[in-house]
Amino acid sequence: MKEECHHQQRRLLMNKLFNTPAAYVILFLLSYTLGYLSAPSTPSPPSRTITVFHQSPNSPQELSNFRVTSRCADPLPSRLVRETVLGRIFNGTSPYDDFPPPYVGDLLRNNRIKGWGSYGAVFEHLIQEVKPRIIIEVGTFLGASALHMAELTRKVGLETQILCVDDFRGWPGFRDRLFKDIKMVNGDVLLLYQFLQNVIHKNATDTVLPVPFSTGSALEKLCEWGVFGDLIEVDAGHDFNSAWADINRAHRILRPGGVMFGHDYFTAADNRGVRRAVNLFARINGFGIETDGQHWVIRSS
Ligand SMILES: C[S@@+](CC[C@H](N)C(=O)[O-])C[C@H]1O[C@@H](n2cnc3c(N)ncnc32)[C@H](O)[C@@H]1O
């Protein structure tokens, strides 16, 4: 009896409790808290992953994948090279026509020719040996080596065309010391104009033509047009990546039996960037390297 009374009292109490809105709120909060505490903890963001590709350094197989795959056009006959370049780059006119334009006339020197190793014996040796109809120079600056080659080919009685690939911008800061005198107009350094003036001064306008673009785009276009060189001098950027790209691109437009060469094989500049590029290129392609003074020489066959 006593027990039944207790049960009844408990039931009444529960009914009272659970029939008030406060009870529902408490229940809701209670279940929310329990649910929150029992849920698995939020997954933390994955720790930073770094994928490392393991490659054996300088493996010929892997490096050869970087080589361009487009094909060059069939080689143009040498006698068509000048007019092709004039047509494609200068709208069929000569860059020497009506030179200098009035606004630069007073800013140029009659001749201002300066290079590095531009009169080395290698030029004469190779011109005597190869008797080139087409020379492509990759890196020209003021034209010292190009004009030296023009003179040598003339001496040997050749009718050679020398194409000078250079953006004619020099490099950042090149006017700081030695070349302060090369003028600038509205941020445009007058290297191309001074080069043209030098060619005119040396009476070499029939032989020497500028190709005033970056080496990458110019060499690609020469390849597309079928302009090949019998002799190619590579002397533009001297860091490894520039030299590597230029050498590979230049080699594609080297006529079979032609010779490719360049300066600064022994200088320590850029941790011997030129030398590393030349050695790697020769190793991958199975070529021998000769040296002539500060120059490297690679024969295509
Ligand atoms: C060392 S100088 C050439 C000197 C020249 N061969 C001589 O002996 O008289 C290098 C030239 O390469 C050019 N050059 C460097 N990197 C180039 C690039 N990526 N495209 C076009 N020209 C570049 C510079 O403007 C500079 O005139």
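These legends walk through several close-up views of one predicted protein model.

View 1. Numbering starts at 1 along each chain, following the sequence as written. Because the model is predicted, local features need pLDDT of at least 70 and side-chain atom pairs count only at pLDDT 80 or more, while totals for chains, interfaces and linings use all residues. The average pLDDT (the predictor's confidence in each residue, from 0 to 100) is 85, and 77% of the residues score at least 70. The protein holds 11 helices and nine strands, which are DSSP runs numbered from the N terminus (helices: H or I, at least four residues; strands: E, at least two). Of contacts between residues at least 6 apart in sequence, 80% join residues at least 24 apart.

View 2. What share of the 301 residues of the protein counts as buried? The share is 30%, where buried means that 20 or more other C-beta atoms lie within 10 Å of a residue's own, exposed means 12 or fewer, and partly exposed is in between, with C-beta atoms placed from the backbone. Strand 1 is largely enclosed by the rest of the structure, because five of its five residues are buried. In a regular strand the side chains alternate between the two faces of the sheet. Here I134, I136 and V138 are buried on one side, and I135 and E137 are buried on the other.

**View 3. Q161 and the pairing of strands 1 and 2.** Strand 1 and strand 2 run parallel and are joined by five bridges; strands pair if DSSP finds at least two bridges between them. Q161 lies in strand 2 (residues 161–165), and I134 stands opposite Q161. Why does Q161 count as buried? Q161 is buried because it has 23 C-beta neighbours inside 10 Å. Leaving aside neighbours within four places in sequence, Q161 contacts V81, R82, I134, T207 and L209. The C-alpha atoms of Q161 and G229 are 9.5 Å apart, although 68 residues separate the two in sequence.

**View 4. G143 and its surroundings.** G143 sits in the loop between strand 1 and helix 7. This glycine counts as buried because 33 C-beta neighbours fall inside 10 Å. Beyond four places in sequence, its contacts are I113, C164, F195, N198 and V199. G143 and C164 are 21 residues apart along the chain, with 8.2 Å between their C-alpha atoms.

View 5. Nonpolar side chains tend to be buried together in soluble globular proteins. A nonpolar core is a set of buried Ala, Val, Leu, Ile, Met, Phe, Trp, Tyr and Cys residues joined through C-beta atoms within 7 Å. The largest one has 57 residues, and V208 and A250 touch the most other members. Helix 8 (residues 191–201) gives the most to this core, with five residues. Eight of the 11 residues of helix 8 are buried, among them L191, F195 and V199. The buried residues of this helix pack against helix 5 (102–105), helix 7 (144–156), strand 4 (188–189) and strand 5 (208–211). A250, for its part, is in contact with V138, L219, I232, V234 and M260, leaving aside neighbours within four places in sequence.

**View 6. The ligand shell.** Which residues come nearest to the ligand? Of the 18 residues around it, G115, G139, F141, A144 and S145 do; a residue is near a molecule if its C-beta atom, placed from the backbone, lies within 6 Å of it. The shell divides into four nonpolar, 10 polar and four charged residues, counting Ala, Val, Leu, Ile, Met, Phe, Trp, Tyr, Cys and Pro as nonpolar, Asp, Glu, Lys and Arg as charged, and the others, Gly among them, as polar.

**View 7. Backbone details worth a zoom.** Most residues other than glycine have a negative phi, and most peptide bonds are trans. The peptide bond from F99 to P100 is cis, with omega near 0°, and P100 is in the loop between helix 4 (81–90) and helix 5. K131 has a positive phi of about 45°, and F168 has one of about 55°. K131 is partly exposed because 14 other C-beta atoms lie within 10 Å, whereas F168 is buried, with 22 C-beta neighbours inside 10 Å.

Conventions: Contact = placed C-beta atoms within 7 Å.
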